[in-house]
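Let's work through a few exercises on a protein model. Have a look at it first, then try each task before you read its solution.

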Amino acid sequence: MAQYDNCAQPQPKDKNEYVAHQFHVNAHFDAKLMQVTLTVNDAITKKTWEKCLTKIDFDNGDVKGNYDKMKVAVDTSKMACAFPDEGKPMDLVLMTHPDYMNFELPEK
């Protein structure tokens, strides 16, 4: 029996089904620069969106604390994103408890 992968993206169920996008979301904390880098890759189109966040991007200025919340949302797939129109940033919503964090990530 195949092992269940909680982070797996949908796969076609038959030859007539088409999977348009497979998103991979990553959050990386750089303690030296005190910044968080959010990255979204689409395995189908090979496009990447990325945004670096510093203390001015958070109301409370707490980069590490906000990263910890974001990382939980990313690791548990509690997020939403949609493929944007050409030249538009990607909207990424991370469902942090009890709030949500919304980001616009420009295409890289």
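This is a predicted model: local features need pLDDT of at least 70, side-chain atom pairs count only at pLDDT 80 or more; totals for chains, interfaces and linings use all residues.

Residues are numbered from 1 along each chain as its sequence is written, and side-chain values use heavy atoms, with hydrogens and water left out.

**Exercise 1.** Find where Lys47 sits and decide: buried or exposed?

Solution. Start with the place: Lys47 is in the loop between β2 (35–42) and β3 (48–53). Strands here are DSSP runs (E, at least two residues), and helices are runs of H or I with at least four, numbered from the N terminus. Next, the relative accessibility is 18%, so Lys47 counts as buried (buried is under 20%, exposed over 50%, partly exposed in between, with a 1.4 Å probe and protein chains only).

**Exercise 2.** Which element gives the largest share of the largest nonpolar core?

Solution. This core has 21 residues. (A nonpolar core joins buried Ala, Val, Leu, Ile, Met, Phe, Trp, Tyr and Cys residues through side-chain atoms within 4.5 Å.) The elements giving two or more residues include β2, β3 and α1 (63–75). The largest share, 5 residues, comes from α1.

**Exercise 3.** Which strands stand at the edges of the open sheet?

Solution. Write down the order of the 3 strands: β4-β5-β6, with antiparallel pairing. β4 (79–81) and β6 each have a single partner strand, so they stand at the edges. Pairing takes at least two DSSP bridges between strands; β4 and β5 have 3.
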